[in-house]
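A request for a close look at one part of a model follows.

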Amino acid sequence: MRIPFIVAGPNITDGTTRDDLIVHIDMAATSLALAGIKIPDYLQSVDLFADNYQDREFIVSARDRCDETVDRIRGLCTTRYKYIRNGFPERPYLQPNRYKDGKEVLIAMRRLHKEGSLNEAQSLIMAKTRPPEELYDLQADPNELHNLAADLKSASVLTDLRGKLDQWIESTGDLGQQHESEAVYDSDMELYMQPKQGGQDRVEIIRKNIALMKQWKSEGK
């Protein structure tokens with residue numbers, strides 16, 4: 001969620017740093033404004049350098065389908081806390097994905113995990129399931145290693161951020177809350193089976209992954 005944003009240009013003071021919460025879509029309104037183009041009223045993004053700019057109370061991020069891998073994660077972040085909602089908690093963090101699973105770093109991590117060489121923090125991502133909710137204190141725990149969602153002392157924070165995310169989902173009409181139909185999986189099969197670099201091995205891995213996604217869906221996972 002942390003993307004460097006560095007900007008230089010007319011009326012931008014050199015050497016200044018800001019710590020307000022921004023989202024990727026703000027690049028649209030900001031770019032239009034810097035180019036002297038009127039920002040359409042329907043845009044949700046804001047001009048970060050506007051005279052009437054106001055800091056966001058929170059920002060929301062999302063993860064859904066990536067290639068053949070189906071997921072649904074929503075995250076809400078304030079300057080102090082990050083709240084994460086896992087839509088498919090019965091699935092592992094590292095769901096099967098042909099592209100990702102072929103990367104050397106992940107191959108090495110899986111090998112080290114199998115050997116028992118990863119420490120407790122490194123092993124978190126290898127969990128076979130995920131908690132339905134995660135809550136992290138970004139000041140006390142910047143690496144997000146200690147989930148506070150079950151901590152009674154953090155119950156009021158959890159309730160507040162949970163409610164804010166619910167409101168955001170409703171106000172934006174978040175279509176990612178809907179389950180994909182069988183037709184989507186079948187069309188994916190046709191798309192990914194097209195001849196591309198990678199050969200038959202690639203095809204078989206994707207076919208297997210899509211079959212697993214359909215199985216998990218049928219099992220309610």
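Visitor: How much space lies in the second largest pocket, and which residues lie nearest its centre?

Guide: The model is predicted; local features need pLDDT of at least 70 and side-chain atom pairs pLDDT 80 or more, while totals for chains, interfaces and linings use all residues. Residues are numbered from 1 along each chain as its sequence is written, and side-chain values use heavy atoms, without hydrogens or water.

The second largest pocket holds about 720 Å³ of space. A pocket is an open set of points on a 1 Å grid over the protein atoms alone, where a 1.4 Å probe fits and protein lies on both sides within 12 Å along at least five of seven lines; lining residues have an atom within 4 Å of a point. Points are joined across faces, edges and corners, and the volume is that filled by probe spheres set on them.

The lining of this second pocket has 27 residues, and those nearest the centre are Ile73, Ile84, Tyr93, Ile125 and Glu134. By class, the lining splits into 13 nonpolar, 7 polar and 7 charged residues. Nonpolar here covers Ala, Val, Leu, Ile, Met, Phe, Trp, Tyr, Cys and Pro, charged covers Asp, Glu, Lys and Arg, and the others, including Gly, are polar. Strands E1, E2, E3 and E4 are the elements that each give two or more residues to the lining of the second largest pocket. Helices (H or I, at least four residues) and strands (E, at least two) are DSSP runs, numbered from the N terminus.

These strands make up an open sheet of 4 strands, ordered E1-E2-E3-E4 and paired antiparallel. Its edges are E1 (59–63) and E4 (133–137), each of which pairs on one side only. Two strands count as paired if DSSP finds at least two bridges between them. Between E1 and the antiparallel strand E2 (residues 73–77) there are 5 bridges. Isoleucine 73, one of the residues nearest the centre of the second largest pocket, lies in E2 and has arginine 63 opposite it.

The largest pocket gives a point of reference. Its volume is about 1,700 Å³, and 42 residues line it, with Asp20, Leu21, Ile22, Val23 and Ile59 closest to the centre.

As for the setting, the chain contains 7 helices and 4 strands, arranged along the sequence as α-β-β-β-α-α-α-β-α-α-α. Its C-alpha atoms fill a box of roughly 55 × 45 × 35 Å along the principal axes.
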